[in-house]
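Let's take a friendly walk through a protein chain, from its overall build down to a few single residues. Have a look at the structure first, and then read on.

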Amino acid sequence: GGERTVSGAFVQSQLTFYDTVDLTTALRYDSYELSGNGVESDGDRVSPKITLGVTPLTGLTVFGTYAEGYRAPAVTETLINGIHPPPAPFPLRPNPNLSPEVAHNLEGGVNLKHNGVLSSNDAFRAKAVVFQNKVEDYIDGVEVFDGTPPFGFAYQYQNIANVTLEGVEFEASYDARVWFASIAASRIRGENDATGEGLLSIPADQVSITLGFRAFDEKLVAGARARFVSDQDRVPAGTPEGEAYTLVDLFAEYQATDNATLNFNINNLLDETYMQYRDSLNSPGFNARVGLTMRFGAN
């Protein structure tokens, strides 16, 4: 076993100029101590953050952020040792020499917020963000191909000296109370700066769309959600690639009383056969779930 103690302190100030410019500055102090199985490590760091936001028009904000980050290695990353559960019982190796990650992050984007767009009580929200993160001593899973039986490799968390993560994220929603819709999308890339190889921990590109409605004085909320996941072939050499898939789910929630809510979900409506990236087994096919939540006692 092992133990990790993490502590931190945070201070922030915000200034507003001309009612349209917001400047936010912050400092965060992080420290950690990790011990177990004869291994001890510790570290600390002060990380700055600065955000500049400009609102030239009501409901439109353009912002930019520079921030530094610090992440201590987890106990599971440092001390994990044994065999992965079936059906893929490959060895898991500890790495007592893991160093904490230090990130230098740049982010820019646009926020939109408008009410009363098509009717008096509707709401529109949207956010688009682009980012680039330069990370030193990035902690990622690595498959060590050394002939270890039965698969010929072991899995270990290691520091990668320098990596670059960059991407685009977008989300938007429109809520007319009677009906609502939203979309979210992400495209993230990450590579080892020294080799140009992809990183094991980067998710596949994906888009999620939700459509729903409210009825019976908004006691009933129901709808459908579709998720489109691309293939993931930007992986380290020898790592299995992820295949594309599409999922459709249905959901409903009915507030029967002030203290009782009924939930109903149908997941994977089309019974898609798929395996999520980095999984070793197919995910569940068509399945349904019904739940009742009740609250007792005073409000």
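Start with how the chain folds back on itself: among contacts between residues at least 6 apart in sequence, 55% join residues at least 24 apart. Keep in mind that this is a predicted model.

**The chain as a whole**

What secondary structure does the chain have? It comes to 1 helix and 15 strands. Along its principal axes, the C-alpha trace spans about 65 × 55 × 45 Å. Of the 299 residues, 34% count as buried. The accessible surface comes to about 17,500 Å², and 55% of that belongs to carbon and sulfur atoms. As for charge, the chain carries 21 positive and 38 negative side chains, with the centres of the two sets 7 Å apart.

**The largest nonpolar core**

Now look inside. Which residues make up the largest nonpolar core? There are 10 of them: A103, F131, V135, Y138, I160, V163, L165, I188, L199 and I202. Two strands, β8 (123-145) and β9 (153-175), each supply at least two residues of this core.

Leaving aside residues up to four places away in sequence, L199 touches several residues, including Y138, I160, V163 and L165. Its contacts also include D140, E191, R234 and Y277.

| Residue | Relative accessible area | Class |
|---|---|---|
| Y155 | 12% | buried |
| Y174 | 13% | buried |
| W179 | 41% | partly exposed |

The chain has 3 aromatic pairs. Y174 and W179 form a tilted one, with 5.2 Å from centre to centre and 50° between the planes. The angle explains the label: planes under 30 degrees apart count as stacked and over 60 as edge-to-face, so the rest are tilted.

Finally, turn to Y155, which lies in strand β9. Y155 and G141 are 14 residues apart along the chain, and their C-alpha atoms are separated by 6.8 Å. G141 is also among the residues that Y155 touches, not counting residues up to four places away in sequence. Others in that list include F90, P91, L92 and R93, as well as L200 and R278.

Definitions and conventions. Residues are numbered from 1 along each chain as its sequence is written. This is a predicted model: local features need pLDDT of at least 70, side-chain atom pairs count only at pLDDT 80 or more; totals for chains, interfaces and linings use all residues. Side-chain values use heavy atoms; hydrogens and water are left out. A nonpolar core is a set of buried Ala, Val, Leu, Ile, Met, Phe, Trp, Tyr and Cys residues joined through side-chain atoms within 4.5 Å. Buried means under 20% relative accessible area, exposed over 50%, partly exposed in between (1.4 Å probe, protein chains only). Helices (H or I, at least four residues) and strands (E, at least two) are DSSP runs, numbered from the N terminus. Contact means heavy atoms within 4.5 Å. Accessible areas come from the Shrake-Rupley method with a 1.4 Å probe; for residues, only the protein chains shown count as cover. Lys and Arg count as positive and Asp and Glu as negative; His and the chain ends are not counted. The place of a charge is taken as NZ of Lys, CZ of Arg, CG of Asp or CD of Glu. Rings of Phe, Tyr and Trp (its six-membered ring) pair if their centres lie within 6.5 Å; planes under 30 degrees apart count as stacked, over 60 as edge-to-face and the rest as tilted.
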